[in-house]
Each structure stands twice: as C-alpha cells, then as structure tokens.
Amino acid sequence: MASVEILDTTLRDGEQTSGVSFTVHEKLSIARLLLEELKVDRIEIASARVSEGEFDSVKRIAEWAQKNGHIDRVEVLGFVDGNLSLNWIRDAGCTVLNLLCKGSLKHCKHQLKKSPEQHVADIKQVLAAAKEVGVSVNVYLEDWSNGMRESEEYVYFMVDSLKDEDIKRFMLPDTLGILNPSETADFCSRMIARYPDVFFDFHAHNDYDFAVANVFEAIKAGIKGVHVTVNGLGERAGNAPLSSVIAVLHDHLNIETKLCEDKINSISKVVETYSGIRIPPNKPVIGESVFTQVAGVHADGDNKKNLYYNDLLPERFGRERQYALGKTSGKANILKNLQVLGIELDDDMMRRVTARVIELGDKKEMVSLDELPYIVADVLKSEKEDQAIKILNYSLALTYGLHPVATVKMEINGEIHEQTAAGHGQYNAVSKAMWKIYKTLHKPAPELIDYVVVIPPGGKTDAFVQTIITWKFKDKIFKTRGLDGDQTVAAIKATIKMLNLIEEM
C-alpha cells in the first residue's frame, strides 16, 4: 500500500485567514494535538521575521517539540534574504526551513527584479549557510502553477539548478488557487516524469472549490506529500481541508497515512473555537449535519441492511449517526431515536408520536433528541381527542408599560363562549379570560398551586418548552403538562387538559 506524507500548515498558512490570530497558548495546544493526537507527519508553524510575538510562539513550540522528540517535524517558512530568516529560525530553536523561492518567471522578474540565474545564486547562498548550521531545507516554488502555465522552462531551470543541492523536498504550490484537476494531474505528472528521484509536495488552495480534487489528482500522479489545514483555513477561500483529504486518501486512493481518524472531529472543534471561524454544518466529515439523516425513507433503509450508509461511517471520525426529527420525519426516524433512548412504543403510540413530531416540526423545522422524551410524555398523557372543552381561538396583546390583554374563545359542551381580560402576564391574562367564562356559567375554577417551566438539556433558545402546572380542585391535587415552542402556549395546553379533567370530577 502506498503512503503519503501529510504536512499541516494551520498555524502558518491557516492563520492567514482573515481575522484569525492564534495566541501562543493556542498555537502550542494545536501543535501538540496535531503531532501527538492526530499524528500528522509534519507541521508548518509560522513565517520567519513576522513579529516578536510570532518569535515567542515558535520558540515555545520548538522547546516543547525538542523535549518530546518532534523537532524534526516542525517547519518554519523563511525567505531568500541571506542569513536573516535562517538566523531567526535557528534562534527560535527550529531545525527545518521551508525556503520560499519563486516558481514562476513573472514573480522572479517583476517581484525580485532579478534574472533566474541571480535568483538561483541567492538560493544557493542560503542553502550553504543552512548546511553549515545544521538546518535542513525544503524549497517552495511559489506560484508554481502559473509557472507551469506560462513559463514551464523556467520551472525546469529552477529544479535542474537545485535538484543536486541538499534539499529534502520541493514543494509545488498552487499559490493563487488557479488549477483545475486536469491541469493538476498534467503538471504533477510532468514534474515526476522529469524528476523521478525528487520528493515533491503539493500545496492546494480552494479558490475554485477544487482543492481536494486537485490533491486527489496530485497523489494519483505520484506526489509524495500534501499540505492541508484544519477546517480548510487559509487565505481567501482557504486551503485543502485536512478532514476531507484524509477521507479521500483512505477511501478513494487506498493510501496509507499515520493519522488517527477518530481525533479529526475533536481537533476541528478546538480550532473552530480558537479561530472563531465556524464550521459550516454541511462541511464533509466535520459539519454538524453531515451524519444526520433527515428523510424518513433513509432511516427506514438504515433499519433494513443499512441501505443508506456509505464508507464515511461517523464512528471513524469520533462521531455518531443521528436521525433528524422534524416535518419530514417518518416512523423510521423516530424509531431510531427511540432506540437510542431505550423507549418502546406500540403501533398506535408510534403513530401519535410521529404525528406530534411532524406538527411541532412545522413550527421549528427540527426537533432534537433531547426533546423527544418530552414529546412522548406529552402524547402519553394526552386525553382523548373528543374533549368536552376546547380552545377555539385566542389573541394576546403585549404592549410596553401596559398589562397584557387576552381574548379567548372556547367551546364548552358544544356551546361557544368568548371573553377578554387583562393580567399581570400573558398566561395570567388568558386564565382570567377563561375564569370569566366559567363565572358566567357558574362553573367552579381550580386553584393554581405551582407553575414550572422546563426545557430539554443544551440551553438552546429554540428548544421546546414543557410547562407543568399543579392544580387543586375539590381537595384533590394533580398536575397537567403542555408542550410547545412557546411557554404561554404550552401553559394554555396544560390548562385545557386540566379543564377536561375537572369536568369529569
């Protein structure tokens, strides 16, 4: 089985994401997680000579890496600037320089204002100095993709001039994210055919959403190393995301890596927190929704020989498959969630719970697993549908500085009644309007003993609310429950249940 090296550049190229700046502590934490938990082969942690703060970060990581046997896996980007970058990297305690050279003729001519021969001479000076002080060197051919498009002979001149130097790897970056998969395959194949003994890395950017596809083609062509970032962080549209690249390597290319897949999700969450850049819910492998089946037919298929599974099993990545509960849910989705909770229901109750989930899903689109027991309890405690007392309509008015006002229309034993009342709160106004109706009918009203609002765990602001009201009527104390996305509506439902109960007392 073939193997590929993984270099993670979250701490260098990933930090070039707009608005992202990691603290020293965060950088050290991410470096440790990448090398020791996820077990990537190498990490690129910074650019030389950026700032004093960056120097302190690199020094802290280098001290930790030296102590734990990882120093040769920690790399820093440096420049063709004589000994300046080299000394900065050495003083920080690192031993690997990723030397940024020009991979396209236009960069060499217009940015450096030098001939290719002059640029090579400058590079060789840095290489000689690095060898003297024991720093190993990889070479970036910056803008290599444009170089292959527009000045291929220049690219070959650069590699021909440097391939016999003490360089461990030549890095081929698609610096501006211009390549498509066909070009990537073609350009990488040309490099490998011409230089079969050279170790090439490929560095993708995602400007056309081709980063993962380009990595796929580069490795098929024979590239031995690829660069990634956690969550696809990086300048502009970002870099190739580590999570997707690993899944593609393992599943589609049968490539062996040292990475621990089950650590990917937890590390992605840590970087999400540190960077402040949210992971899109539909991002492959690490997105919140990607292992959630929504359609009921899919859950039904999973119950029958896992018909809707693919190789991306959530357990591989430290996650679990979930079955969404909402307006598109079917019996199979609900059954899967009930199995997780250890709840068994007969066919009639399953039908009623399914109908209730769909009804509630129309209000907020998705019902969480934490909320399902509340719905089951609500359905189990519901009375028969042909109730003697029903609320037909109600209107609530809430105005700043004024008491809330409610108008309630009820059906009691087949007759319609309507009243309006003000109260100290919305539910108080509703209950006062109800008691007005009861007073005109000379019907006794219960005493409210306790009123409790409960939401499922998790603290979501859109969670369903269960209102539990304790009543006293004819010396009997009992409770009724109502469930809804709105606290007042839940309380009204609990009250209607109570009114039907006392009607029979």
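**Salt bridges, a helix pair and a sheet**

Guide: The side chains of Asp 41 and Lys 258 meet in a salt bridge, with 3.7 Å from N to O. The model is a predicted one, in which local features need pLDDT of at least 70 and side-chain atom pairs count only at pLDDT 80 or more, while totals for chains, interfaces and linings use all residues. Residues are numbered from 1 along each chain as its sequence is written, and side-chain values use heavy atoms, with hydrogens and water left out.

Visitor: Why is the pair of Asp 41 and Lys 258 called a salt bridge?

Guide: The term requires a side-chain nitrogen of Lys or Arg within 4 Å of a carboxyl oxygen of Asp or Glu. The pair has 3.7 Å from N to O, so it meets the cut-off. Side chains of opposite charge can pair when their charged atoms come close. The structure holds 28 salt bridges.

Visitor: What makes Asp 41 and Lys 258 a tie between parts of the chain?

Guide: Asp 41 lies in the loop between helix H1 (24-38) and strand S2 (42-47), and Lys 258 in the loop between helix H10 (242-252) and helix H11 (264-275), so the parts they tie together are 217 residues apart in sequence.

Visitor: How do you know whether Asp 41 and Lys 258 are buried or exposed?

Guide: Buried means under 20% relative accessible area, exposed over 50%, and partly exposed in between, with a 1.4 Å probe and protein chains only. Asp 41 has 11%, so it is buried. Lys 258 has 60% and is therefore exposed. In the protein chain, buried residues make up 51% of the 505 residues.

Visitor: What makes Asp 201 and Arg 42 a salt bridge, and where in the chain do they lie?

Guide: Their closest N and O atoms are 2.9 Å apart. Asp 201 is in strand S7 (residues 200-203) and Arg 42 in strand S2, so the pair, 159 residues apart, links distant parts of the chain. Asp 201, with a relative accessible area of 0%, is buried, and so is Arg 42, with 3%. Both belong to a network of salt bridges that links Glu 5, Arg 42, Glu 75, Arg 169 and Asp 201.

Visitor: How do you know that Glu 217 and Lys 220 are separated by about one helical turn?

Guide: They are three residues apart in helix H9 (residues 211-221), which means about one turn.

Visitor: Why are H2 and H3 called oblique to each other?

Guide: Helix H2 (residues 52-67) and helix H3 (residues 84-92) pack at about 50 degrees, with axes 8 Å apart. Axes are lines fitted to C-alpha atoms, for helices over the stretch in contact, and angles run from 0 to 180 degrees between N-to-C directions. Under 35 degrees is roughly parallel, over 145 roughly antiparallel, 65 to 115 roughly perpendicular, and the rest oblique. The angle of about 50 degrees falls in the rest, so the helices are oblique.

Visitor: Which residues make the contact of H2 with H3?

Guide: H2 supplies Glu 54, Phe 55, Val 58, Lys 59 and Ala 62, and H3 supplies Trp 88, Asp 91 and Ala 92; contact means heavy atoms within 4.5 Å.

Visitor: What lies between S17 and S18?

Guide: They form a hairpin with two residues between them, and Lys 474 in the turn has a positive phi of about 50 degrees. Lys 474 has 60% relative accessibility and so counts as exposed.

Visitor: What makes S16 and S18 the edge strands?

Guide: The open sheet has the order S16-S17-S18, with antiparallel pairing. Strand S16 (447-454) and strand S18 (476-484) each pair on one side only. Helix H17 (residues 487-503) packs on this sheet and touches S16, S17 and S18.

Definitions and conventions. Pairing = 2+ DSSP bridges. Helix = DSSP H or I, 4+ residues; strand = E, 2+ residues; numbered from the N terminus.
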